[in-house]
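Take a look at the chain below.

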Amino acid sequence: MSVLSGIRDAVCFWRRGKAPVPFVVLFKKFKSVLERNNRILTLMADMADKLGGEYVFDRRYIESACEELSDQVFKLVSDLSILDQGKNVELFAAFERIRQEMQDELAGRHRFPDTPPTLPLSALRADMAEAVGGKFAMLGELKNRLALPVPDGFVVTTGAFADFMAKNKLPEFIREQAKLLDLDEEKNIRGVSWAVTAHILAASIPRGLARSLAASLDELTERLGRAPEALALRSSAWDEDGETTFAGQYESVIGVAPTEIHAAFKKVVASLYSPEAWLYRRRRGFKEHEAVMAVGCQVMIDSRVSGALYTYAPMTEKEEGVFVSAAWGQCAPVVGGEIETDTFLLQRHSPFAATSRDIAQKTRQMVLTPGGGADFVPVPEELAEVSCLSEADLSLLGEAALTLEKYFKRPQDVEWTFDAAGRLYVLQSRALVFSGRPEKRTGAIDAATSQAEAVFAGRGDVVQRGVAMGKVQVVQNEEDLDDFPFGAILVSRHTSPRYSRIMSRAQGILTDIGSPAGHMATVAREFRVPTIVGCGVATELLKTGDEITVDATQNVVYRGLIKELRYFELTEEDVYEDSYEYRLLRRLLKKITPLALVDPHSRDFAPASCRTYHDITRFIHEKSVAELIELSESGQGLLDAAAARLKTALPLNLFIIDLDGEARGGMGEIEPAALASLPLSELLQGLDNSGMWSTEPVSVDMGSFMASLTRTYGPRDGATAKLGRNLAVVSQEYMNLNLHLGYHFVLVDAYVGEVPADNSLYFRFLGGVTDFRRRARRAGCIGKILERSDFRVELHGDLVVGRIKSLDKEAMRAKLRLLGGLVGFTRQLDVRMSREGDAHCFAEEFLAAIKPVMEDIK
């Protein structure tokens, strides 16, 4: 069956208006959703792990992995379509769009992002490399996220580049010429390169691009308050400044007059096919269709002094610094190695003092010439042998260097310039590639770690290997993410997909609770952030501001900064292999693993916002749990089910529908010991064994009594209302419990299985007999208890909602016992809450009383 016919059949199924599906069938679909969710996340993790450099794989692996992943995602969408009765049909369209994009990528057909032909630098981000190339995506990140000074400008997008090439029929010509290289690369490269570059330089600029270039120049003039005298047009190709740097392979045209921008654009594009660049790509396994380039256009800075720096220079295992190379004038001849430079080694901490300096005799410099262009002139005699950087200049460079390194989580190779007024501009930042091999780990590394204090070791699961060093930032709620500092190590009780917001800023992640198969784990692998989840004690042993080293390769967290570990990691073999299969898989994963749907309460949490398979999976996982709760409450498919009354001394009047049919009762009653449902059994254990259910009468004042008479209670038109009794819908791993106890309502929905990533617990409490203030105090007390017990809590007046997910079975059993005791303890608690401080006092009383019941789990 084709994908499209499957979509059509699924949609038509619900349009035919079939009879409601029995709940037991819907529950099986829910279990299928959980199983597929885990399989999909496991497949994503396996594909991401292949990029770690430790696995050999071929194109067949990529094709089969994508095929299985697409099959699982399609079936996941189908499962939800049955579970929610076709309410999210748009998911099929989102799935098909992503699947087709992946098929095009496998076939060598690129779908360029839908953008205008040109984009201002202010609109660029690091995740836009497909649209604007690696170099300008990073420059946009520096300007817009880090607020570093970057020369203003705009970029001609990859889509506009593809349009330029296609309208001039260049791809066909290049493919024909490339056949000559296949015959004899060395002999034919010069002639083939000349023919292709000549065609590019003679090509016409499409009208749409010409209009967009003119508009962008006008906007740039308006931002500057004057027409730019000279521009720099710079390459920004796919994979440039990435794992394969292409350093120096493509051309930058500097000193361009605005009237010459078309010719300069073509000159940069033509540099894709210079003999050196073409051979560089071919010998590294690049296919012809991978030659994709955006072109950036920036205002030229009238530079006083320029240069390059390495943010991290490991001279030995114990010595490190910031290495700076500088000369008078423009930057291009410095990085091109055409002139003499001063060199400095700076300390890696403020005020970044120079520990060594070598001042060269500088004979010439490049400067801008009137009317556009740049040329060499002699260095004035009085400047030839003096340092071209002051102590203040060096301090600014050191600060910028460490800011960039912390943000990108690895050392950077940075190009920079100072203008005549002493303003620093960052021209480029790319990952610094180290060479050489470190000493064996048994040497200086083991000596340093053996003397260091291990905060904890061997706890939890490693999600992403690597080393992270920095200060701890404990995150307790979503608001804490707003001010998360660059380069910090995130420490939290829970994992959360919402941490994707700060993943690019975090050096590492430690959580007490979480699964390596969860959504956050997938995002951590995507960003390659060293991460350990399920540590259990991270928030207990670490506090904000602590300096630590996380060795997520050996699963150890050390107190302080272990520099030897950092040196070892930096000089390890590159984690990415330079092959077509690796690049193809990396591009495919951009359509698979990024996660944009992180907040279920956002209006954007919808099928139309799904851009990747991970988005679809996250949406379905969240919606399936909510849908099952709603189905249980509505009673769909339950009215004809056999229900047995629970035999208990407590006045629960609880009836049970067993989806597995394993509960055995006589005369319509069932003993607690006969229950096969783990969640319900554990909750009843907490209720029975804690002694929390009080049978003593509690006096109610007249005001509260009158308030209860005038309030309107509205349990939903659901299963409990239709059946006229308290109801639990259960299976061996599942429970949906609806209780109407006097004047308040309790809902507990729980799934507890062997796979922690599947496990979830939802608790809702509403109502009471007293006035609103006392009911709100009781809600506050319940909220405190749940927060202290690791639940995520929402409070709205007298409504309390608590959620917890991804704990192992034993931990979930303990939480269910806590909820059982909580149901009994808070039954008439609002009547007793006459003072504001009662919420705290009663919360402490309950937590002390329930602790032995929770710990008594065999």
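Is Q330 buried or exposed? This is a predicted model, and in it Q330 has a relative accessible area of 7%. Buried means under 20%, so Q330 counts as buried.

Where does Q330 sit? Find the loop between β7 (320-328) and α12 (332-335). Q330 lies in that loop. Now follow its side chain. The side chain of Q330 reaches the backbone oxygen of I301 at 2.9 Å. The side chain of Q330 also makes a polar contact with the side chain of S303, at 3.5 Å.

Step back to the whole protein chain. Its secondary structure comes to 26 helices and 30 strands. The chain has 858 residues, and 55% of them are buried. Look at the contacts with a separation of 6 or more: residues 24 or more positions apart account for 67% of them. The accessible surface comes to about 36500 Å². Carbon and sulfur atoms hold 50% of that surface.

Finally, go to helix α11, residues 275-283. Its buried residues include P275, A277 and W278. L279, Y280 and R281 are buried too. What covers them? The cover includes α7 (170-183) and α8 (185-202). Just after α11 comes G285, with a positive phi of about 80 degrees.

Conventions: Residues are numbered from 1 along each chain as its sequence is written. This is a predicted model: local features need pLDDT of at least 70, side-chain atom pairs count only at pLDDT 80 or more; totals for chains, interfaces and linings use all residues. Side-chain values use heavy atoms; hydrogens and water are left out. Helices (H or I, at least four residues) and strands (E, at least two) are DSSP runs, numbered from the N terminus. Buried means under 20% relative accessible area, exposed over 50%, partly exposed in between (1.4 Å probe, protein chains only). A polar contact is a pair of N or O atoms within 3.5 Å; within protein, one must be able to donate a hydrogen and the other to accept it, and residues adjacent in sequence count only if both atoms are side-chain atoms. Contact means heavy atoms within 4.5 Å. Accessible areas come from the Shrake-Rupley method with a 1.4 Å probe; for residues, only the protein chains shown count as cover.
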